[in-house]
Amino acid sequence: MTRRIVILGGGTGGTLAANRLQRALAGECEITVVDRDDAHVYQPGLLFVPFGLAHQEDLVRSRRRQLHDGITYRDCGVDHVDVEANRVHLAGGAELEYDVLVVATGARLVPEETEGLTGAGWMSKVFSFYDLEGATALAGALRDFEGGRVVVNVVDMPIKCPVAPLEFCFLADWYFQERGIRDQVQLTYVTPLDGAFTKPVASRELARMLQEKGIELVTEFNTGEVDGAAGKLISFDEREVEFDLAVVVPAHGGAECVERSWGLGDALGFVPTDEHTLQSKVRGNVFVIGDAAAIPVSKAGSVTHFEGEVLVRNVVRYLAGEELDASFDGHTNCFIESGFGKAVLIDFNYDTEPLPGHYPSAVGLPLLKESRLNHLGKLMFGWLYWHSLLPGRDLPGVSTAMPLAGKRFELR
Ligand SMILES: Cc1cc2nc3c(=O)[nH]c(=O)nc-3n(C[C@H](O)[C@H](O)[C@H](O)COP(=O)(O)OP(=O)(O)OC[C@H]3O[C@@H](n4cnc5c(N)ncnc54)[C@H](O)[C@@H]3O)c2cc1C
């Protein structure tokens, strides 16, 4: 009997999982991907939009056209999942039965959860570059900005791509220098973390870079309110940071359809998942890929890509009644754009924090160090995303497991 695999979400994880599954199981399974529109956004490109370095038309392609022949695409919202009955309820009332469900519904921005954030000043002096609309509006505001206090604020963790707000700071420093007004702009990075980043070695290096570029770092600031009219961020412990222009990364939650599915999500709407097999803890026939998973990794496209191989192997093994592969190691890889045509690369996993050295081996891209080569790597990633990562191909020389070769452990 032909088995049915339903994939919720046609973003990074849903697309690459569908294409890999189609290759592994062609003819044995019917694969259906569901998403609510046909516009796949290359989210890493959003960082460049405010600085006029990328535009909407460079970043958006048809979701359907990223899927291999033989995969069914349903352009429809998901209302909820009945995990007891193995059934997905679509918006409008249609239903999809499944043997295996892959949840790839990502993370959702919830700016309305922060008092005042979407109130006075929203989209005129308070912006987010985390979606196309915000990134495009911010491009106009930055163009018109003639000087004053620019604040980049992360409201709460977890967020997608935790290095993106730091990259924004570095690019803003470059951008205002290019425009010849850097001395009239005070740049401040405001984070709830106790340092520039979560992991100690990378946090020290990134804090040093902020300092070198004249960007003030405010830590342990838990934003309770954004007062756009008065131009200030107010923390829960009543500290204040003043701004003329605020670039805010709103809090994130899981997809609403996960929240509406009884027994599927946790309190934040993410799906409890085994961090090594990517099988959900909810039901044996539910697997999770990408930002939707409640596992201790960064919410990043690179992680989603590395998860793909293990997830697909485990769906195949589950259908064959075999033991699952528990080899996903939390591998994460981030290019951090640092301005002036350079970038820093970090590579880490559950057990190993970002360390200096080279990637993917002793000869390769420099780790934790600004370099032109890393910037070219970041630019190339855009091409690889559409032509290799989404089609579900392995990247040459890039393994799913984090490589140890090339890393310098003595500096920990
Ligand atoms: C500004 C920014 C910069 C980034 N930079 C990088 C970077 O440099 N490197 C990197 O590795 N990662 C980066 N990321 C993160 C990366 O884009 C995400 O981690 C990745 O896209 C996660 O893939 P996903 O499939 O889990 O989620 P997504 O790709 O977001 O896909 C989720 C899909 O689920 C669909 N969906 C949700 N709810 C429903 C519903 N009810 N019905 C139907 N469909 C639904 C959505 O429409 C969406 O298409 C960045 C993200 C942002 C925002």
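**Aromatic pairs and nonpolar cores**

Both Y385 and W386 are buried in this predicted model. Their ring centres lie 5.3 Å apart.

The whole structure holds 11 aromatic pairs. One of them joins F51 and F168. This pair is tilted, with 4.9 Å from centre to centre and 45 degrees between the planes. It connects distant parts of the chain, since 117 residues separate the two partners. F51 sits in the loop between β3 (39–41) and α2 (56–59), whereas F168 belongs to helix α4. F51 and F168 are both buried. Ring pairs also tie F51 and F168 into a cluster with F129, Y130, F145, Y175 and F176. A charged side chain meets another ring: K299 lies over the face of F270, 4.2 Å from the ring centre.

In soluble globular proteins, nonpolar side chains tend to be buried together. Here, the largest nonpolar core contains 118 residues. I5, V88, F129 and F168 have the most contacts inside it. Helix α4 (residues 164–178) supplies the largest share of this core, with 10 residues. Another core, of 15 residues, lies apart from it and includes F221, V241, A246 and A251.

I5 touches partners well beyond its sequence neighbours within four places, including L21, L25, V100, V102, V315 and L319. An unreviewed UniProt entry annotates residues 4–117 as the domain "FAD/NAD(P)-binding". Over residues 4–117, the chain is 16% helix and 36% strand. The end C-alpha atoms of that stretch are 43 Å apart.

How values were computed: Residues are numbered from 1 along each chain as its sequence is written. This is a predicted model: local features need pLDDT of at least 70, side-chain atom pairs count only at pLDDT 80 or more; totals for chains, interfaces and linings use all residues. Side-chain values use heavy atoms; hydrogens and water are left out. UniProt positions are given in the numbering used here, feature names are shortened, and annotations may be inferred rather than shown by experiment. Helices (H or I, at least four residues) and strands (E, at least two) are DSSP runs, numbered from the N terminus. A nonpolar core is a set of buried Ala, Val, Leu, Ile, Met, Phe, Trp, Tyr and Cys residues joined through side-chain atoms within 4.5 Å. Buried means under 20% relative accessible area, exposed over 50%, partly exposed in between (1.4 Å probe, protein chains only). Contact means heavy atoms within 4.5 Å. Rings of Phe, Tyr and Trp (its six-membered ring) pair if their centres lie within 6.5 Å; planes under 30 degrees apart count as stacked, over 60 as edge-to-face and the rest as tilted. A charge sits over a ring if NZ of Lys or CZ of Arg is within 6 Å of the ring centre and within 35 degrees of the ring normal.
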